[in-house]
Amino acid sequence: TPNIDALAAAGVRCTAGYITAPQCSPSRAGLITGRYKARFGVEEIALCPLPLEEVTIAERLKPAGYRNGFVGKWHLDVNVLCEDWLKKNVPDLKPAARGYQVPPGVAEKFSPHAQGFDDYYAGELKRYRANYTLNGKAETQPRLVSDDHFRVDVQSDAAVAFIEKNKAAPFYLHLCYYAPHVPLEATAKYLDRFPGDMPTRRRYALAMLSAIDDGVG
């Protein structure tokens, strides 16, 4: 990871941070708000969404003149496992394979845009909700984007597009790569960097880490 190592060497290292939840969404909620999750109830994925009254780092930077961008895995909106929230806020719920269906438009009310992010390319795998293109062009309305390319490369491209679009003024980019994370996947470009005898899962995890490092570079 030469690019990540260089970033750590030349940047600011925060060495007193602690993971206070074993799942991704609560940890992300804590990072983005700077608060313990128990203070606002998002202590597991099923207890999303992140309450809109919580103040995110983007909402703190906006009054200082920053343009805020979000790329990658958000997962702080309403999901199919949010049984308590859905029963309380959505009438006529319909069951899904796991949990309940989230009606169209409900999750979008808790999107990055609702939490201080001006530009976003949010999504984990194949489908993204975005208000700009990978060429940096603003969309008149947010849209769902289908993209079958390797997700780490898509997220890197979206991050670079945001930076190129906003580099002339103060900006903040919150980049949450969906890697290394199941389902594991990588292209030959990255897999070929790790020859030799090793478990398949390890090769894919290393390839995904290498792809992240290329993106950081």
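Mentor: Let us begin with the definition of the elements: helices (H or I, at least four residues) and strands (E, at least two) are DSSP runs, numbered from the N terminus. By that convention N131 is placed in strand β3, residues 127-132. This is a predicted model, in which local features need pLDDT of at least 70 and side-chain atom pairs count only at pLDDT 80 or more, while totals for chains, interfaces and linings use all residues. Residues are numbered from 1 along each chain as its sequence is written, and side-chain values use heavy atoms, with hydrogens and water left out.

Trainee: What secondary structure does the chain have, and in which order do the elements run from the N terminus?

Mentor: The chain has seven helices and five strands, and from the N terminus on their order is α-α-α-β-α-β-β-β-α-β-α-α.

Trainee: Why is the chain called as compact as a globular protein of that length?

Mentor: The radius of gyration, taken over C-alpha atoms, is set against the globule rule, which is 2.2 Å times the number of residues to the power 0.38. For 217 residues the rule gives 17 Å and the chain has 18 Å, a close value, so the chain is as compact as a globular protein of that length. Along its principal axes, the C-alpha trace spans about 55 × 45 × 40 Å.

Trainee: Why does N131 count as buried?

Mentor: Buried means under 20% relative accessible area, exposed over 50%, and partly exposed in between (1.4 Å probe, protein chains only). N131 has 10% relative accessibility, so N131 counts as buried. Of the 217 residues of the chain, 40% fall in the buried class.

Trainee: Why is D92 called exposed, and why is K126 called partly exposed?

Mentor: D92 is at 70% relative accessibility, so D92 counts as exposed, whereas K126 has a relative accessible area of 29% and is therefore partly exposed. D92 lies in the loop between α4 (83-89) and β2 (119-122), with phi near 55°, a positive value in a residue other than glycine. K126 is found in the loop between β2 and β3, and its phi, near 75°, is likewise positive in a residue other than glycine.

Trainee: Where is L175 placed, and which residues does L175 touch beyond those up to four places away in sequence?

Mentor: L175 lies in strand β5 and touches V71, Q155 and A159 when residues up to four places away in sequence are not counted. L175 and Q155 are 20 residues apart in sequence and 8.1 Å apart in space, C-alpha to C-alpha. With a relative accessible area of 32%, L175 is partly exposed.

Trainee: Which peptide bond joins A179 and P180?

Mentor: A cis peptide bond joins A179 and P180, with omega about -15°, and P180 lies in the loop between β5 (171-176) and α6 (188-191). The peptide bond from V182 to P183 is cis, with omega near -5°, and P183 has its place in the loop between β5 and α6.

Terms used
Contact means heavy atoms within 4.5 Å.
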